[in-house]
Amino acid sequence: MNATILDKQLHLTKLMLERQAIVTEHKFQYLDDASPVYFSAYRSDLLGRYLSGNKIFKLAPNLQEYLTTTQSHIPVATFGGSHSNHLRAFSAASRLLRLHSIVFMRESPNGMHKPLAETIIQRGCKLILLSPEEYKHREDQAFLDSLHSKHGPFHLISEGATSPLAVRHIANVFAPFKSQFSHAFVPVGLGGTLAGIVAGLGAETKVIGVSALKSDYSLKSRVENLLRASNCENSGNWTIDYNYHFGGFGKAKPELLNFASRFEAQTTLKLNQTYTMKSAYALCCELRDAKMDSPLWVNTFNPY
Ligand SMILES: *Cc1c(COP(=O)(O)O)cnc(C)c1O
């Protein structure tokens, strides 16, 4: 690849890294006879089209590293599930930057992966489907070696782009809001976003991670390890709440869906079932039960 293409790719990556979202103010009243709750929302949903939400924060520093360290004929690759927002964002970034890229996707036995698989192919990524059994080994070196011998060399960005580089970038993005909020509510999948926000907001903000999974109790040590590996300070003023999973990853109950339609109608914020419905529900329940001076709800989801 010639220098001018690389310069353009690095320039676009730099623009992604410089994006800053706004904070908006909201009021919400769940039941007619309840008192309203007030909160601020961090709008990473407004960072762009296709590539936004928390995924742009995690991908941009990893792509910058790929572009600056890897010879350009070597493709960039990543892993993800059949409904992965990470893969959606990765394929959009790959298209935007005109990258050589490979997506290793977990194949769904009942064909649920097909819509996202098609989008990924249309955006020019090479798609390789892995069986659920193979996918379990995605962190094993022997399995990665076998992928390398089958598909040639590639630069791997880990699942969810959850790396120390991503955590440090998110910490920088949130540092300007240090000491401005008493509490912050953040949805948690792999914990990279939570780790960055804890580091950025510092000890004066209590950060509540709302788990999208039923009982992945390794999350706490994952977040601690990520903070350590990123050389970021662990304020200790954070927790992971497992009370709002509504049956598990991607699952919902009528109570949650009713809540979500009222919340969307009153705030004009769009929710997603996997993550932000649950963190919004957690925010409103906790606000009803306890006084919080200045809560921040981190909107990680971009519906477009
Ligand atoms: C991926 C994702 C998350 C989870 O982020 P982690 O850093 O893996 O915890 C939260 N919200 C939305 C909308 C996401 O797409």
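**Entry 1. The model**

I am working from a predicted model. I keep that in mind for each value below.

**Entry 2. Helices H2 and H3**

I began with a pair of packed helices. Two packed helices are described by the angle between their axes and the distance between the axes. I looked up both values for H2, residues 53-69, and H3, residues 85-97. The angle is about 50 degrees. The axes lie 10 Å apart. Angles under 35 degrees would count as roughly parallel, and 65 to 115 as roughly perpendicular. H2 and H3 are therefore oblique to each other. I also checked the handedness, and H2 and H3 cross in a right-handed way.

Which residues make the contact? From H2 I noted Lys 55, Leu 59 and Leu 63. From H3 I noted Asn 85, His 86, Ala 89, Phe 90, Ala 93 and Leu 97. I then sorted the residues of this H2–H3 contact by type: 6 are nonpolar, 2 are polar and 1 is charged.

**Entry 3. Salt bridges**

Next I turned to charged pairs. How many salt bridges does a search of the whole structure find? The search gives 7. I followed up some of them.

**Entry 4. Lys 14 and Glu 18**

I looked at a pair within helix H1, which spans residues 3-18. Lys 14 and Glu 18 form a salt bridge, with N to O at 3.3 Å. They sit 4 residues apart in H1, about one turn of the helix. Lys 14 has 45%, so I put Lys 14 down as partly exposed. Glu 18 has 48%, so Glu 18 is partly exposed as well.

**Entry 5. Arg 43 and Asp 45**

Here I found a salt bridge between Asp 45 and Arg 43. Their closest N and O atoms are 2.9 Å apart. I checked the accessibility of each partner. Asp 45 is at 10%, so Asp 45 counts as buried. Arg 43 is at 11%, so Arg 43 counts as buried too.

**Entry 6. Glu 133 and Lys 136**

My last pair was Lys 136 with Glu 133. Their side chains meet in a salt bridge at 3.2 Å, N to O. Lys 136 has a relative accessible area of 59%, so I list Lys 136 as exposed. Glu 133 stands at 46%, so I list Glu 133 as partly exposed.

How values were computed:
Residues are numbered from 1 along each chain as its sequence is written. This is a predicted model: local features need pLDDT of at least 70, side-chain atom pairs count only at pLDDT 80 or more; totals for chains, interfaces and linings use all residues. Side-chain values use heavy atoms; hydrogens and water are left out. Axes are lines fitted to C-alpha atoms, for helices over the stretch in contact, and angles run from 0 to 180 degrees between N-to-C directions. Helices (H or I, at least four residues) and strands (E, at least two) are DSSP runs, numbered from the N terminus. Angles under 35 degrees count as roughly parallel, over 145 as roughly antiparallel, 65 to 115 as roughly perpendicular and the rest as oblique. A crossing is left-handed if the near helix is turned anticlockwise from the far one by less than a right angle, and right-handed if clockwise. Contact means heavy atoms within 4.5 Å. Ala, Val, Leu, Ile, Met, Phe, Trp, Tyr, Cys and Pro count as nonpolar, Asp, Glu, Lys and Arg as charged, and the others, Gly among them, as polar. A salt bridge is a side-chain nitrogen of Lys or Arg within 4 Å of a carboxyl oxygen of Asp or Glu. Buried means under 20% relative accessible area, exposed over 50%, partly exposed in between (1.4 Å probe, protein chains only).
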